[in-house]
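Work through these exercises with the structure open beside you. Try each task before you read its solution.

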Amino acid sequence: MSVTVGHLYPEHLNIYADRGNIAVLRRRCEWRGIEFAVAECGPGDPTPKADLYYLGGGQDRDQVLIADDLLARTADLRTAVGDGAGVLAVCGGYQLLGHGYRGHQGDEMPGTGLVDLTTVAGPTRMIGNITLRCELDPGDQRTLVGFENHAGRTTLGPGVQPLGRVVRGNGNNGDDGGEGVQHGMIIGTYVHGPLLPKNPWLADWLIAAALRRHGDERELEPLDDGLELAAHRTAAAIA
Amino acid sequence: MIFRAEVVVARLAAAASRRTGSGGGTTLPGKLLLRLSPDAIGTLAAPLDRSTVVSATNGKTTTAKMAASVLESGGADLCRNHGGANLDSGIASALLTARAGQVGLFEVDEAALTGVCATLRPSTLVLGNLFRDQLDRYGELELIGDRWRSLVAGLAGDTVVAYNADDPLVAGVGVAAPKGFGFGIEDASVSRESMQHAADSKWCSRCGHRLGYDAVFLGHLGHWRCPNCGNARPAPAVVARAVRTIGLEASEFTLELPSGSAAVRLPVGGLYNVYNALAAAAIGHAHGIAAATVADGLGRFSAAFGRGERIDLDGRPALVLLIKNPAGANEVIRTLAAEPARKTLVVALNDRIADGRDVSWIWDVDFEELAPQVAQVVVTGTRAAEMGMRLKYAGLDAAAIRVEPALEAALDAGRAAGEGPLYLLPTYTAMLDLRRLLVDRGAVRPYWEAA
């Protein structure tokens, strides 16, 4: 059984050490004897077949460079999601999941519209450590820790659920207490640091979901997460 | 004479700071002075013969120290800031001792550069490199590039801008100056096989197309060209040829200035230090110093604390190598990995404001290259476990990683572990803590004494 991650625009969207997220998925599969592959996808490349698509954040300039290319593959991503594939989008990638981004000068960058959410540039950047409470599976409460750094204020459409509730930090817009989005198997968030190393439960949740696509319903065997949990505790304590 | 009184107050503050041992008076007096007299920098710098300002993401302190050695070899009497005190307060503090006829030499924080240049009006401005650094503090790289572009556009016409021709972003800024020249490496044999992950300016600053490289020396520094619009590395006037790096010990190269050439033996390793030496040589050239004298000055340079300085830790040799952003840390790792021996490391990761509160940058550092050589590592600092976790995902066995958040305990654990030299890799504030600790133990001199 193998897990394939489709890494979209790794050369452009990598500003907050996004490769750390890929490294964590890779190692946590390898340590359990699960085959793991990354299919990198740059502008103009065909959209690869994958269990999970990863979209990171980029400098403003880099995001403009890939925006049109991403829009052109929206249909491919919609089909893949309809077929059970997941999407993990962080920071700039998260904003591109929605209808678009309106900048300070009123400039509009269209998004994919895969999820009903919109982002508007705010007057200041929201920067700092952040802690969330998440419940991706009913009854299973988890803590998510990391760092946020964004000028965008994101508002979710009616009925769209955030990834978690902000315990400390700003989240989507600093007002409604929500952070990120969870829409079926699509997850978007401003939390980096990177996201997955200090939140191994989320990495494992994504791996288990990818395996289920191949009919593998196993409980993932636990790993020695001593360092991960210590790093998680430190981050939670300073948020 | 109101200004005189303010200067006296600030000088008394500097003396008090040194006497109480709280610091070298490297920033506090200037802070005080700038509050009393906001244009103090321009006023205090007036008696100086001329001034040179150096800025870059990486290598400011080392470049300034190398340039000091070069200018002193050329007979200059210097007024300069020390120990990374490179904001306006640090410059103002240094200027408190300025005397007529002295030459000013200042390293300046890349984000503070515009303000300092506006009042100091340097005769030479050296732009070294721009790398991704502390996004929570500096913002995106392009923003610093834009600020530098406006700075250069507003410079007095006679200011000489010396720029790193191998850095596409910096070269784009530098070539726009009315007076200036580039520096760079002309030796494809020290090229990397591929670009590092953390490479930043991979796209043409004119048209956005991906840049092509005939040689990549470090990060995104190299022989670049845009296949789309024809934008390309400007031919540098100050170059290093026949470059040979000898591990952590030294580097040798042939320095070519428009006025002549000379063989340089630089007593520190790492290709990044060849770039620092080129920036220092560019300053020498701007001052009309001959190549042989520049080479002599570079040969007499000794490393600044935390930039490859060797220390004796109760009988065990130790080397302190500052790591503060992906590009700089990658060069430290590349240089360390070139020495094949199994190593004992102490890695200190802090997340204070001067380090950047966001520690995600450690995931952009290629610790994977070093992991196979690490026998044991002690991780320490405010984010010790985070650092340990990073090394585990880089391929290090969790059993080889010891978490010791307190720096002193970590230093003792490192000293007792393994054999051979101990490599200490601290982030910026961890380096300052480490220095204080080593001063207390008598292993190094206080920074205001070590010029």
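This is a predicted model: local features need pLDDT of at least 70, side-chain atom pairs count only at pLDDT 80 or more; totals for chains, interfaces and linings use all residues.

**Exercise 1. Size and shape of chain A**

Task: Find how many helices and strands there are in chain A, and decide why its radius of gyration agrees with that of a compact globule.

Solution. 
- Step 1. Count the elements. Chain A has 6 helices and 12 strands.
- Step 2. For 239 residues, a compact globule would have a radius of gyration near 18 Å.
- Step 3. Compare. Chain A has 17 Å, so the two values agree.
- Step 4. The C-alpha trace of chain A spans about 50 × 45 × 30 Å along its principal axes.
- Step 5. Look inside. Of the 239 residues of chain A, 49% count as buried.
- Step 6. Check the contacts. Take those in chain A between residues at least 6 apart in sequence: 70% of them join residues at least 24 apart.

**Exercise 2. A sheet in chain A**

Task: Give the order of the strands in the open sheet of 6 strands in chain A, and say which strands stand at the edges.

Solution. 
- Step 1. Read the order. In chain A it is 2-1-3-4-12-11, and the pairing is mixed.
- Step 2. Find the edges. Strand 2 (35-41) and strand 11 (181-183) of chain A each have a single partner strand, so one side of each is left without a neighbour in the sheet.
- Step 3. Follow one pair. Strand 11 of chain A pairs with strand 12 (residues 186-189) of chain A in the antiparallel sense, over 3 bridges.
- Step 4. Go down to residues. Opposite Val181(A) stands Gly188(A), in strand 12 of chain A.
- Step 5. Helix 5 (residues 200-213) of chain A lies across strand 1 (2-8), strand 3 (52-55) and strand 4 (86-90) of chain A. This helix 5 of chain A runs at about 155° to strand 4 of chain A.

**Exercise 3. One residue**

Task: Locate Val64(A) and explain why it is classed as partly exposed.

Solution. 
- Step 1. Val64(A) belongs to helix 2 of chain A.
- Step 2. Count the surroundings. Val64(A) has 14 other C-beta atoms within 10 Å.
- Step 3. Apply the cut-offs. A buried residue needs 20 or more such atoms, and an exposed one has 12 or fewer. The count for Val64(A) is 14, so Val64(A) is partly exposed.
- Step 4. Take one distance. Val64(A) and Pro162(A) are 98 residues apart along the chain, and 26 Å separate their C-alpha atoms.

**Exercise 4. Where the chains touch**

Task: State how many residues each chain gives to the contact between chain A and chain B.

Solution. 
- Step 1. Count both sides. Chain A gives 28 residues and chain B gives 24 residues.
- Step 2. Name the elements. On the side of chain A that touches chain B, those giving two or more residues include helix 1 (19-30), helix 2 (60-72) and strand 7 (117-137) of chain A.
- Step 3. Sort by class. The residues on this side of chain A are 13 nonpolar, 8 polar and 7 charged.

**Exercise 5. Chain B and its domains**

Task: Describe how the domain assignment divides chain B, and find which helix gives the most to the side of domain 1 of chain B that touches domain 2 of chain B.

Solution. 
- Step 1. The assignment gives domain 1 (39-299) and domain 2 (307-440) of chain B.
- Step 2. Take the separation. The centres of domain 1 and domain 2 of chain B, taken over C-alpha atoms, are 27 Å apart.
- Step 3. Count the contact. Domain 1 of chain B gives 23 residues and domain 2 of chain B gives 17 residues.
- Step 4. Pick out the helix. Helix 7 of chain B gives the most to this side of domain 1 of chain B, with 3 residues.
- Step 5. Sort by class. The side of domain 1 of chain B that touches domain 2 of chain B has 8 nonpolar, 11 polar and 4 charged residues.

Technical notes:
Residues are numbered from 1 along each chain as its sequence is written. Chains are lettered from A and ligands numbered from 1 in the order in which they are written. Two residues are in contact if their C-beta atoms, placed from the backbone, lie within 7 Å. Helices (H or I, at least four residues) and strands (E, at least two) are DSSP runs, numbered from the N terminus. Ala, Val, Leu, Ile, Met, Phe, Trp, Tyr, Cys and Pro count as nonpolar, Asp, Glu, Lys and Arg as charged, and the others, Gly among them, as polar. Domain bounds come from an automatic or database domain assignment. Two strands pair if DSSP finds at least two bridges between them. Axes are lines fitted to C-alpha atoms, for helices over the stretch in contact, and angles run from 0 to 180 degrees between N-to-C directions. The radius of gyration is taken over C-alpha atoms; the globule rule is 2.2 Å times the number of residues to the power 0.38.
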